[in-house]
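Here are a few friendly notes to read alongside the structure.

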Amino acid sequence: MREIYLVDASIYIFRAWFSMPDSIQDNKGRPVNAVYGYVHFLCQLIERQSPAYIAVAFDESLKGSFRNKIYPDYKANRESAPPELKRQFKLCRDITRLMGIAEYASKTHEADDIIGTISHRLRRNDFRSIIVSADKDLAQLLKPGDQYWNFAKDEVYLHRDIRRNFGVHPEAIVDLLALAGDSVDNIPGVPGIGKKTAISLLDKYKDLKTLYAKLDSLPGSGLRGASRLYDLLHENRDQAFLSQRLAKIDCNTPIRAGVRCVKRQQVDINYLQKWFKRQGFGDRLYKRIESVLNH
């Protein structure tokens, strides 16, 4: 079975932006710290794994997702990236392409949706997915044979490991978020129900649909605070299913993502060097990439 590496770029770009000094600049005095951090991450990944098939997904807009049409307050608690970081995001996309790696972004779908779509499509071609991210929501995509890899911590989880580490099976992560909500993405969930309670409910009822189908049995279930939980779930039914829609990754993003699209391409080293000089980056970052490509 072949492997496709699916990289959630934004996490690694943001990490570099916040952790590396602004003194890392191009020859015009503009910060390129996020670019340096991201490229070093990508080089490390290629050195370690030499992936034949790889795709990198970027988030293009915080407030332009189809989810904002469903729920306008989705991710409303997040601030937009400053102009300097947006400029570096574009450079990261350009460099990814120049390194022979497929890169994707969408005005209507998030990086999670892109990753889910590619994983879903290539599974039909006998690929297993290795999802490179620190976003636990992506674990909902895992099927037997797939991996979730938190690269910074070098933690690898298989399908069977998710429940032990995240509290529920991959198939139930969406329903966990539907009940407990997600403050990072401003998904409301059911007020008064936290993660531990949500896990207890899903342990007993398996999924959100079954929970609501058997809601009348909840007061006599023996769960702690069952009567109160019944009231909360009854009063917030619509919000629970809305939250489920927001949390569920859309695996039908309108992108071109066949096997040929995600195969690593031959790199034009001379053009890459000229591009780096035009950008005023100097030789340091180019030589790092060159050493990896010649590895």
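1. Let's start with a definition: a residue counts as exposed when its relative accessible area is over 50%, and as buried when that area is under 20%. Please also keep in mind that this is a predicted model.

2. Now try the definition on Lys287, which sits in helix α13 (residues 284-293). Is Lys287 buried or exposed? Its relative accessible area is 51%, and the cut-off for exposed is over 50%, so Lys287 is exposed.

3. Next, turn to the inside. In soluble globular proteins, nonpolar side chains tend to be buried together. Here the largest nonpolar core has 56 residues, and the members that touch the most others are Tyr104, Ile118, Leu179, Ile193 and Leu233. Which helix gives the most to this core? That is helix α7 (residues 173-180), with 6 residues.

4. Tyr104 deserves a look of its own. Leaving aside residues up to four places away in sequence, Tyr104 touches a list of residues including Ala55, Val56, Ala57 and Phe58, as well as Ile114, Ile118, Ile255 and Cys261.

5. On to helix packing. Two packed helices are described by the angle between their axes and the distance between the axes. For helix α1 (residues 9-19) and helix α4 (residues 83-98), the angle is about 130° and the axes are 11 Å apart. That angle makes α1 oblique to α4, and their crossing is right-handed. On the α1 side, the contact is made by Ser10, Ile13, Phe14 and Trp17; on the α4 side, by Glu84, Leu85, Gln88, Phe89 and Cys92. Sorted by type, the residues of this contact are 6 nonpolar, 2 polar and 1 charged.

6. Helix α4 has a second pairing to compare, with helix α12 (residues 269-279): their axes come within 11 Å and cross at roughly 165°. Why are α4 and α12 called roughly antiparallel? Angles over 145 degrees count as roughly antiparallel, and therefore this pair does too. The crossing of α4 and α12 is left-handed. Leu91, Asp94, Ile95 and Leu98 of α4 meet Tyr271, Leu272, Trp275, Phe276 and Gln279 of α12. This contact divides into 7 nonpolar residues, 1 polar and 1 charged.

Key
Residues numbered from 1 in each chain as written. Predicted model: local features only at pLDDT ≥ 70, side-chain atom pairs only at ≥ 80, totals over all residues. Heavy atoms only, no water. Core = buried A, V, L, I, M, F, W, Y, C linked by side-chain atoms within 4.5 Å. Buried < 20%, exposed > 50% of the residue type's maximum accessible area, 1.4 Å probe, protein only. Helix = DSSP H or I, 4+ residues; strand = E, 2+ residues; numbered from the N terminus. Contact = heavy atoms within 4.5 Å. Axes fitted to C-alpha atoms, helices over the stretch in contact; angles between N-to-C directions. Parallel < 35°, antiparallel > 145°, perpendicular 65-115°, else oblique. Left-handed = near helix turned anticlockwise from the far one by under 90°. Nonpolar A, V, L, I, M, F, W, Y, C, P; charged D, E, K, R; others polar.
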